[in-house]
Amino acid sequence: MNIIKRTILAGVGLAASLTAMPAFAETQLVLSSWLPPRHQLVVGAIKPWAKQVEEVTEGRVTIRVLAKPLGAPPAHYDMARDGVADITYGLHSFVNDGRFLRSRVGQFSFLGNDAVSVSKNFWTVYTEELDAATEHEGTHILGLFTHGPGALLSKDRHFEAAGDFSGFKVRTPGGYPADLLKGMGATTLFMSSGEVYEKLTRGVIDGVCMPLDSLLAFKLEKHLTDVMTVSGGLYNTSWFLVMNQAKWDGISPEDQKAIMSVSGLAFSELAGKAWDEKDTEGFEAASEAGINVYPANDAVLDHLLSVATPLEEAWVKAVKEQGFDAADALAKMQTAKPSK
């Protein structure tokens with residue numbers, strides 16, 4: 001009888017312990033975010049995407065978006081690769097050691113007039129034609145995207161001729177925009193977007209390469225006088241959203257599939273929409289602040305093309321040496337390039 005009782009009690013105890021155990025193993029991921037917490041990319045894309053991941057995995061994978069970054073913006077790719085953070089985002093041009101050569105296909109001039117179409121096109125061309133995965137070795141790519149058409153924002157500088165760029169001190173995010181503006185005659189300075197306000201108000205720089213959303217995102221509207229736009233973009237910037245490869249490999253195949261259902265092309269669209277909405281608000285803010293927003297004239301466009309074309313040709317040659325049809329990839333990205 002005692003044996004029977006002990007067996008029954010043991011069974012009850014085992015059942016209770018099994019009931020108390022979670023029904024699934026939970027993966028908690030940390031995303032290091034370096035943009036201001038209220039920036040449109042964070043509010044309109046990163047945080048909504050993190051919520052979507054939790055929903056599609058039924059709570060098995062959660063993402064905590066940090067209010068403060070774990071390192072400087074240029075370090076964020078390596079932070080994900082090295083496991084300092086589980087997930088990071090950033091600009092390919094912040095990593096200037098040449099490992100993201102093929103990503104430059106998302107940085108050239110004339111890529112398009114809205115962030116959604118350019119971002120989605122960038123994901124497709126870079127992943128399908130230029131083997132983006134190899135350039136991101138050590139991480140798993142969750143998203144690739146761009147901002148809206150890049151413009152030239154300046155204080156007390158107006159551009160009507162090639163010579164007007166001489167002596168112009170401009171912030172660039174590195175990469176193609178830096179090469180382009182330097183070739184056009186400007187003095188370029190690299191800095192992250194968070195440094196722009198201080199450098200502009202102190203007179204260290206005369207202007208910035210940024211899309212129109214930055215007027216509000218970085219409180220620049222009271223410190224600028226002119227914005228020169230180019231149809232299709234003076235330039236653009238290519239961005240990544242990546243996860244440490246070991247962390248990704250530790251997630252079940254079912255949850256990996258669920259996560260990618262809201263990532264990849266879907267994230268390109270989500271990020272693009274966030275930027276497009278704020279570009280519209282930025283244009284309105286420029287008008288209200290009395291900032292002169294004007295399109296580049298023919299003389300400036302000719303100057304731009306004379307500098308951009310050799311940069312494109314050099315890139316096509318370098319990428320061709322890696323075994324890729326870079327000319328075709330670039331043609332598919334430059335949907336708004338002038339015919340002349």
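1. Lys and Arg are taken as positive and Asp and Glu as negative, with His and the chain ends not counted; each charge is placed at NZ of Lys, CZ of Arg, CG of Asp or CD of Glu. On that basis the protein chain carries 31 positive and 41 negative side chains, and the centres of the two sets are 7 Å apart.

2. This is a predicted model, in which local features need pLDDT of at least 70, side-chain atom pairs count only at pLDDT 80 or more, and totals for chains, interfaces and linings use all residues. Residues are numbered from 1 along each chain as its sequence is written, and side-chain values use heavy atoms, with hydrogens and water left out.

3. The C-alpha trace of the protein chain spans about 100 × 45 × 30 Å along its principal axes. Of its 340 residues, 51% are buried (under 20% relative accessible area, 1.4 Å probe, protein chains only).

4. The protein chain has 13 helices and eleven strands (DSSP runs, H or I of at least four residues for helices and E of at least two for strands, numbered from the N terminus). Helix H12, residues 298-320, has 23 residues and reaches 32 Å from first to last C-alpha, close to the expected 33 Å (1.5 Å times one less than the number of residues).

5. Buried residues of H12 include Val300, Leu304, Val307, Trp315 and Val319. Helix H6 (175-183), strand S9 (226-229) and helix H13 (326-333) are among the elements that cover the buried residues of H12.

6. At the start of H12, a side-chain oxygen of Asn297 comes within 3.2 Å of the backbone nitrogen of Ala299.

How values were computed
Buried means under 20% relative accessible area, exposed over 50%, partly exposed in between (1.4 Å probe, protein chains only). Contact means heavy atoms within 4.5 Å. A polar contact is a pair of N or O atoms within 3.5 Å; within protein, one must be able to donate a hydrogen and the other to accept it, and residues adjacent in sequence count only if both atoms are side-chain atoms.
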